[in-house]
Amino acid sequence: MTAAAVPAASPASTGEQSGVRLARSRRNAELSLLLLAMVLVAAYAAMVEAKALDTITSDFWIPAAALGLVFLGLHLVIRWLAPYADPALLPAVALLNGIGVGFLRRYDLAKAAPAEREDLAIFAGTGGRQLAWTLAAVVLAAGLLAVMRDHRSLSRYAYTLGLAGIVLVMIPAMLPSRFSEINGAKLWIIVPGLGQIQPGEFAKLALLTFFAYYLVRKREVLSLASRRVLGIDFPRGRDLGPVLVVWIVSLLVLIFEKDLGTSLLYFGMFVVTLYIATERVSWLLIGLILFFGGAYLAYVLGSTVGGPFANFYDRAQIWLDPFAEPYDRGYQLVQGLLTLGTGGLFGAGPGGGQPTLLPEVQTDFIFAGIGEEIGLFGLSALLVIYLLIVERGLRAALAVRDSFGKLLAGGLAFTLGLQVFVIVGGISKLIPLTGQTTPFLSAGGSSLMANWLLIAVLLRVSDGARRPVTGGGGPAARPAGGPPEQLHGAQTEVIRP
Amino acid sequence: MPELVITVARFGFLILLWIFVFTVVGVIRRDLFAGARSGRLVAAPRGIGASTGQSGKPAKAKRGRAAHQLVVTAGQLAGTRITLGEAQITIGRAEDSTLVITDDYASARHARLVPRDGQWYVEDLGSTNGTYLDRAKVTGPTPVPLGVPIRIGRTSLELRP
């Protein structure tokens, strides 16, 4: 560091004060990590072209540069609006997003006829569309950072957001299948001719905000009143209400939207937020028992009654033995497993795989598609990056000073981790496969936007957590225009009789 | 493209990917150590902590044993640290408090800590259940010595050097 430039603080560089250390914003570290991430994305694009086209075109760097500009913009917004936010979050997410865009372009190249490959425009196809979605999602995230100057202001809209979340969850179930069903899962709102959105991705953010707010209010009663059984404190029967309601809602999602992953995501989100709020292991136990009980019930009903449960039964059957019908029902999962196996330890190299053989490789199976080309060695790096993002989120939750922020950041970070678990567990046959998107990698605007919004909230909370308390008259994290500031700035009026 | 170049690039990419991961870990680690160091300072006997406080910055040495951190020692927010600046710290259940405590025995605007000439004063803001400095109920602005617990409901706070 430039010790000569700050002579007054030079003794501090040896025995630096904890307060001074904590107060550093570390934005420069973020910038250099971001540059490294973009170098990786450009290298990935170059290697894809070298392998798939046998030559590196002169404009291979354009997607990486475009992404770099977009993320640089967000970096500047963070410098301006959230200067103390966590420095590791943005570069890690940027790398995942960049690799996703790079792989989707690689998929476009594989789909195109060999003669047309060299002429394939950079901004065409799924890759180009993903680039545009990234721009939209990052702008949305920057907008959220600008509007929400303090994460606590989010709690004012908790009930509105909760209601919005439930409505968003219910819309696909209510719509006729023609407008909501793709590949057997009713998770969509399809506008014919325009495209489709997945409201559940946004609903998880809205619902989590509501859960956090509700549990901050109710944590006392949920954590204090209890009975002790077998050394574990169990809650009273009447306090089980909320958890049972969420359980029933997620079972309804499982039945009417035919999607285990989303259902697991909502329920897991609630149970973990409940656990963070009350610090009671018993809630985790109750949650696990309820979920496995519900899933088993759906399986049994699916085999006997059929109807709405049949889809879940089918998926469980495929999961139990994918090789029973390898060219029929089990085709996708078998191909995914073979793809991962072909990749082996170090992969075939970017551009060296056969992603066209794998159905849905651009969305659900993107992790397997990437795995074929970078191998276990590269996939574990990607998983560690996800882990680091989740860790930073939990860290922000630990450090933030108010309970709502703790629950919000902890729950969001866990949700991201759980979603990665559900889809990666699904394609690697650890759990029954359900169509979740892989955050930041999969093609799709809804998922990208929702997850960037999630990152924006985490950035905001971590900024609040790491920011030193300074500034005149009040806490620095106070939202601009809050009531105390208004009182402070108001003129004194003299009332005459 | 020669096969050798592609193979080298392939492994180079994987190595670069892991270099990125470890660089991120490095950045995070520095962050963690910043926390750990402050943890050690807190855990050290008060004399040692104060002496590092004096040698740390000449400007702060004039004040003597100045408080630099507010630490929550008991209650739901236990372990939370606030780095103190020049601004007052408000404590209560209200969302816009500096330290938001969700405690049944705390009022919306319960108490505040105000710095005056390097000394922090605690002041009760007309709370229902009162604010206690160690065992004594706080009635007016009271100077807070280092390491003496301020009790609000089930929450305890301490000033640390």
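The following dialogue examines how the terms applied to this predicted model rest on its computed values.

Modeller: This is a predicted model, in which local features need pLDDT of at least 70 and side-chain atom pairs count only at pLDDT 80 or more, while totals for chains, interfaces and linings use all residues. Residues are numbered from 1 along each chain as its sequence is written, chains are lettered from A and ligands numbered from 1 in the order in which they are written.

Biologist: Why is Asp54(A) called exposed?

Modeller: A residue is exposed if 12 or fewer other C-beta atoms, placed from the backbone, lie within 10 Å of its own, buried if there are 20 or more, and partly exposed in between. Asp54(A) has 12 C-beta neighbours inside 10 Å and therefore counts as exposed. Asp54(A) has a positive phi of about 70 degrees although it is not a glycine, and it lies in the loop between helix 2 and helix 3 (62-81) of chain A.

Biologist: What makes Asp134(B) exposed?

Modeller: Asp134(B) has 10 C-beta neighbours inside 10 Å, so it counts as exposed. Its phi is also positive, about 55 degrees, although Asp134(B) is not a glycine. The loop that holds Asp134(B) runs between strand 7 (132-133) and strand 8 (136-137) of chain B.

Biologist: How many helices and strands does each chain have?

Modeller: Helices (H or I, at least four residues) and strands (E, at least two) are DSSP runs, numbered from the N terminus. Chain A has 17 helices and 4 strands, and chain B has 3 helices and 11 strands. Of the 497 residues of chain A, 51% count as buried; in chain B, buried residues make up 38% of 161.

Biologist: What is the secondary structure of residues 6-28 of chain B?

Modeller: That span is 100% helix and 0% strand, with its end C-alpha atoms 33 Å apart. UniProt, in an unreviewed entry, lists residues 6-28 of chain B as "transmembrane region". UniProt positions are given in the numbering used here, feature names are shortened, and annotations may be inferred rather than shown by experiment. The unreviewed UniProt annotation "domain: FHA" covers residues 89-138 of chain B, a span that is 0% helix and 44% strand.

Biologist: What makes a set of residues a nonpolar core?

Modeller: The members are buried Ala, Val, Leu, Ile, Met, Phe, Trp, Tyr and Cys residues joined through C-beta atoms within 7 Å. The largest such core has 141 residues, and Val41(A) and Leu458(A) have the most contacts inside it. Helix 2 (residues 27-52) of chain A gives the most to this core, with 16 residues. A second, separate core of 25 residues includes Ala66(B), Val100(B), Val138(B) and Ile152(B).

Biologist: Which residues does Leu458(A) touch?

Modeller: Two residues are in contact if their C-beta atoms, placed from the backbone, lie within 7 Å. Not counting residues up to four places away in sequence, Leu458(A) touches Leu89(A), Gly393(A), Ala396(A), Ala409(A), Leu412(A) and Ala413(A).

Biologist: At what angle do helix 10 and helix 15 of chain A pack?

Modeller: Axes are lines fitted to C-alpha atoms, for helices over the stretch in contact, and angles run from 0 to 180 degrees between N-to-C directions. On that scale, helix 10 (residues 260-278) and helix 15 (residues 403-427) of chain A pack at about 145 degrees, with their axes 9 Å apart. Among the residues making the contact are Gly261(A) and Gly268(A) of helix 10 and Gly410(A) and Gly411(A) of helix 15.
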